[in-house]
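Let us walk through a protein chain step by step. We begin with one term and then follow it into the fold.

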Amino acid sequence: MPVTQSFIDGESVASAQVYDNIDPSSGKSLGAVARAGGDEVDRAVTAAKRASRAWRTTPPADRARVMSRIADLIERDQEHLALIESQDTGKPLSQARADALVSARYFRFYGHAIDSYYGHTIPLSTDLHVYTKREPLGVTGHIVAWNYPMQLLCRGIAPAVATGNCAVAKPANETPRTAVALAELAFEAGLPAGVFNVVTGIGTEAGAALTAHPGVDHIGFVGSAEVGSVVGHAAAERVVPALLELGGKSAQIVFPDADLLRATEFIAKAILQNAGQTCSAGSRLLVQEAIHDELVEMVKHRFMRVSIGPGIEDKELGPLISRKQQHRVQSIVSGNTKGEIICGGDAPSAADLADGSYFAPTLIDGVDPVSEIAQEEIFGPVLTVNKFGDEEEAVSLANGTPYGLLGSVWTSDLSRAHRLAAEIEAGQVYVNTYGAGGGVELPFGGFKKSGYGREKGYEALDTFTATKTVVVHL
């Protein structure tokens with residue numbers, strides 16, 4: 001199998017060392033990956049800095065055309081990208097196909113948006129002409145997680161490049177291949193060498209070198225709150241802006257007047273998608289006590305119908321990313337001392353799944369709201385349940401974790417829906433639905449330990465630019 005190598009300044013770059021890329025469905029190697037370090041990061045940042053001199057002055061219309069061509073090529077290679085994404089992550093092939101299409105959408109959306117991204121004139125006085133303009137920051141660094149390698153990469157790279165920045169990305173060491181493939185497609189589409197670079201390797205080596213590099217003018221990170229804190233400190237020491245997306249512990253609040261059949265399906269998908277390894281997973285179910293037993297039974301039966309298997313077989317639930325993650329999920333579930341395990345709670349018993357890092361859909365009722373399982377991100381197909389009596393208690397439970405990324409309210413009472421949407425501490429709140437099929441257009445980010453800054457939507461263009469104010473005396 002070919003070695004996956006870094007892509008720097010328009011060409012493939014080897015490293016002195018390699019490591020194995022493991023298939024979580026089987027535990028077998030998918031091939032070697034270049035273990036880049038500080039030298040390769042410096043080479044990539046230097047290439048990006050050099051390319052930025054011309055790219056930042058390229059007319060927006062020309063940038064837009066390249067962005068659209070990148071989207072076309074991603075759609076052309078959708079099946080190949082989906083296959084290697086499924087192999088790297090273990091996620092079902094249909095979910096990987098959707099990720100490829102959303103990735104293309106990022107480039108197409110920002111290719112269109114940049115055509116109408118303007119500054120403002122300010123009527124200060126008749127003898128002063130005052131206007132603002134948005135200027136690229138320079139070189140942007142992007143460190144992305146392993147759960148949605150394509151989507152996370154493209155949602156950062158597309159607005160950064162569209163606004164005239166040049167980028168260096170460090171994909172997760174578990175999932176490097178689609179990042180390299182996307183950079184190669186961007187180069188094929190006409191993006192100049194050095195504008196989009198990918199450095200493969202280990203987070204504590206290549207990732208740390210990218211975070212600390214003095215030539216990086218903005219750093220974006222998607223991952224755990226613990227590592228995000230380290231990245232944020234490093235950015236602060238160099239006084240450069242940072243964007244941190246650090247996960248969540250999102251609640252779904254269900255009232256008796258909700259459509260329970262619809263709610264059940266969305267509740268299941270929100271925790272089963274990508275085996276629960278989603279920062280925006282609906283991992284906590286808060287149920288009004290009058291319908292508690294009924295809804296828990298409905299969710300239980302939905303979980304018991306889930307098909308499990310390798311990602312390329314396109315079952316509903318694939319493996320976790322690694323044995324390490326499987327053991328972590330098992331440890332958290334086993335540490336639950338109060339809640340009742342309604343179903344799941346362990347790896348599936350089927351012999352043909354024994355070599356993979358699988359975990360059965362798990363429903364745990366009546367957990368202690370202040371315990372680890374109810375407070376910390378599990379990153380597995382584990383849904384906890386708590387009852388509530390009234391709106392005040394529901395909001396208190398929903399806001400009772402260190403995170404604030406998403407929330408959802410299930411009710412037919414629109415007044416109640418708007419009241420709770422205002423009170424829930426989260427960057428996105430859904431009513432009678434959950435998630436948005438990629439949500440490219442929707443600003444995304446969190447409160448509290450879920451991080452700071454916003455990606456997606458039009459706001460991402462502001463993230464990767466700075467405002468310059470010009471005042472001219474007439």
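Two residues are in contact when they have heavy atoms within 4.5 Å. With that in hand, look at L191. Leaving aside its neighbours within four places in sequence, L191 is in contact with W55, V66, I70, V161, A186 and F196.

Some ground rules come next. This is a predicted model, where local features need pLDDT of at least 70 and side-chain atom pairs count only at pLDDT 80 or more, while totals for chains, interfaces and linings use all residues. Residues are numbered from 1 along each chain as its sequence is written, and side-chain values use heavy atoms, with hydrogens and water left out.

Now step back to the whole chain. The protein chain holds 15 helices and 22 strands. Helices (H or I, at least four residues) and strands (E, at least two) are DSSP runs, numbered from the N terminus. The radius of gyration of the chain is 23 Å, close to the 23 Å that the globule rule gives for 474 residues, so the chain is as compact as a globular protein of that length. This radius is taken over C-alpha atoms, and the rule is 2.2 Å times the number of residues to the power 0.38. Along the principal axes, the C-alpha atoms fill a box of roughly 70 × 65 × 40 Å.

What share of the 474 residues is buried? Buried residues make up 58%. Buried means under 20% relative accessible area, exposed means over 50%, and partly exposed lies in between (1.4 Å probe, protein chains only).

The inside has its own organisation. A nonpolar core is a set of buried Ala, Val, Leu, Ile, Met, Phe, Trp, Tyr and Cys residues joined through side-chain atoms within 4.5 Å. The largest such core has 71 residues, and F107, Y110, L191 and F196 have the most contacts inside it. Helix α4 (residues 93–113) gives the most to this core, with eight residues. A second, separate core has 35 residues, including A263, A268, L295 and I373.

Stay with helix α4 for a moment. S103 is found there. At 0% relative accessibility, S103 counts as buried. Beyond its neighbours within four places in sequence, S103 is in contact with I74, M150, Q151 and C154.

Next, find T401. This residue is in the loop between α13 (391–398) and β17 (403–404). Is T401 buried or exposed? T401 counts as buried, because its relative accessibility is 6%. Q375 is 26 residues away along the chain, but the C-alpha atoms of T401 and Q375 are separated by 5.4 Å. Leaving aside neighbours within four places in sequence, T401 is in contact with K249, R284, A374, Q375 and K448.

One of those partners, K448, deserves a look of its own. K448 lies in strand β20 (residues 447–448). With a relative accessible area of 38%, K448 is partly exposed. K448 has a positive phi of about 55°, although it is not a glycine.

D9 also has a positive phi, near 55°, and is a residue other than glycine. Where is D9 placed? D9 sits in the loop between β1 (6–8) and β2 (11–13). At 29% relative accessibility, D9 counts as partly exposed.
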